[in-house]
Amino acid sequence: MSCGTVGKCTAALALVLALCATVVFARRHHLEVRDDFRRYILLSTFGFYAGGVLDVQVSHFRVDHGTESNVFGLSLDKTMSDSMNPYLDSHQDKCILTEPVSAQSNGPIVFFKMDLKNNVVNVSCSKEWQNIHLYKDRSGVPALRSKRQSFAKVSDSKAVYMQRRRRAASNVFPSNQEDTDEGLDVGASTVCTKLTLPLERKTEDDFYYYSFHFAIYVATKQEEGLYNLYFHSCPNYAPNNPYELNFNVDIEEKNSGNYLSAGEMPLPALYFMMSLLFFLSGLFWLFILRKSRHPLFKIHYLMGVLVFLKSLSLMFHSINYHFIEVQGEHVEAWAILYYITHLLKGAVLIITIVLIGTGWTFIKHILADKDKKLFMIVIPLQVLANVAEIIIAESDEGDKEYSTWRDIFMLVDLLCCGAILFPVVWSIRHLQEAAGTDGKAAINLRKLKLFRQFYIMIVCYIYFTRIIVILLKITVAFQYAWLDEMFKEMATYVFFVLTGYKFRPVSQHPYFSVHGDDPDDDGDDGEVEILTQSGLSEGIGKVTNRSQPSLAAGSATLVESHDEEREILISKRESSHEYD
């Protein structure tokens, strides 16, 4: 499979995938759940700063006649990092909504339990939830109201105190229009446990359809955090009686005019800076190739193409995130460009690493059958991994296919990471055997050292980008979630730089080497060893320059050799087998 064929197939696949994926919005979620039997569904995870608004609308929730006693609802918990949810870990076999909220002690959490008989949604908060600003819809949020509709700020202690006294006396969600516009400001969990939201019901096709709407305003710095919204279906916890879920949910998350989560806000600038860095590095690589007086191979140009594809991919990724930040959704044209370059970059990256690992042009100039078979396996796997990664990015977390594609991506990505190590191991074994059989131990041992270093580089790159970065992501606070992307891109850049340095087109390495301090050759002032083999260089071991004083005046001769002569000599001999 040639690189050109792989590139065309990848581009076509990326175009089809992008056209299909553009119907999914980025930070304005519209999720349609159909014929779902899951116990709980993760609807959204978003990091809020002060001034953020979470707007949730559940609609067309279908319920069969006679099943109004079943318990359904939402839970909204707040954490400080993207680690495992403590409530889900302890409630894998029991519905959390069946327990009193006062019994929850693993962090702040709010229950929205649907009372299908009385057509209300009961809202209750745990003790750890210090304050909640709950509104019937986003039009009542102070930050979104016009000056004409403005009312006393939350910081107005007198107004807040009077509102709390009125609501403490009624203990219900305000039903008239005046109170609804003012919204709800709750300061104590005893008041929060008595809140209700209206639940609309209509009958169609012998089914009941329920809908409700609410908005939460993050007013203070103490309320900042990573908010996780789940839908719970308690009947599905029964082993032999699964309940079929059908409903729609629309979610809009916003941070004071910014649609990005708190941990994603620096990403547009980060991707742009890394794109610029890779682009400048690609120009420097082209400068090295252009000014080099040493033999160049196709692998060197392929390495340059990889750097520019990486730069373009990051640039389009940055632009895509910018439009998500401003509009809450991406622009189709930029998204398609990003997907195409991302898939091409992934394919070229795996091709480059495998070609270098096989020793193509560095040890041998023809790929073995096992190398070709490896290409036929690894390249489709890499394309599949990139497709899965794009589908994950474009899917809502609540989609049934989301977890499936995530598992596929992790599995295929690990297979690719393991597969690219095989050619390096084969090259190391080949050099170890050649070092003791062909009489050129010094040359092969030098190559062996190079490929051992490359093997260590690949292992460190895989370990850092697949394990360390994930551990970092679940450890740092929610507002620093961008650090995992920064370290991942920096690790990629360091890997590219080290690979380019180790396999740069320099005569001293790996094509020939100059020895001047060999203790076994005290009489040699310098020698040039040919490290690559071809038809002309076969059997030529070294070109030696010896300066020996002659006692006879007529036969005295001094032979000098300069660096330029050595390079010209080696270039001529290397060009004899430069088939590419």
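In which helix is methionine 273 found? Select residues 267-291: that is helix α6, and methionine 273 is in it. Before we go on, some housekeeping. This is a predicted model, where local features need pLDDT of at least 70 and side-chain atom pairs count only at pLDDT 80 or more, while totals for chains, interfaces and linings use all residues. Residues are numbered from 1 along each chain as its sequence is written, and side-chain values use heavy atoms, with hydrogens and water left out. Helices (H or I, at least four residues) and strands (E, at least two) are DSSP runs, numbered from the N terminus.

**Along helix α7**

Next, pick residues 298-327, helix α7. At 1.5 Å a residue, its 30 residues should span 44 Å, and the end C-alpha atoms are 43 Å apart, so the two agree. The expected span is 1.5 Å times one less than the number of residues. Just after α7, click glycine 328, which has a positive phi of about 85 degrees.

**Into the core**

Which residues touch the most other members of the largest nonpolar core? Select Ile420, Phe454, Ile458 and Phe495; the core has 51 residues. α7 gives the most to this core, with nine residues. Such a core is a set of buried Ala, Val, Leu, Ile, Met, Phe, Trp, Tyr and Cys residues joined through side-chain atoms within 4.5 Å.

Most residues other than glycine have a negative phi. Aspartate 205 has a positive phi of about 55 degrees; look for it in the loop between β10 (200-204) and β11 (207-217). Then try serine 256, in the loop between β13 and α6, with a positive phi near 50 degrees.

**Last stop**

Finish at proline 239, in the loop between β12 (225-233) and β13 (245-255). Proline 239 and aspartate 93 are 146 residues apart in sequence, yet 9.7 Å apart in space, C-alpha to C-alpha.

Definitions and conventions:
Buried means under 20% relative accessible area, exposed over 50%, partly exposed in between (1.4 Å probe, protein chains only).
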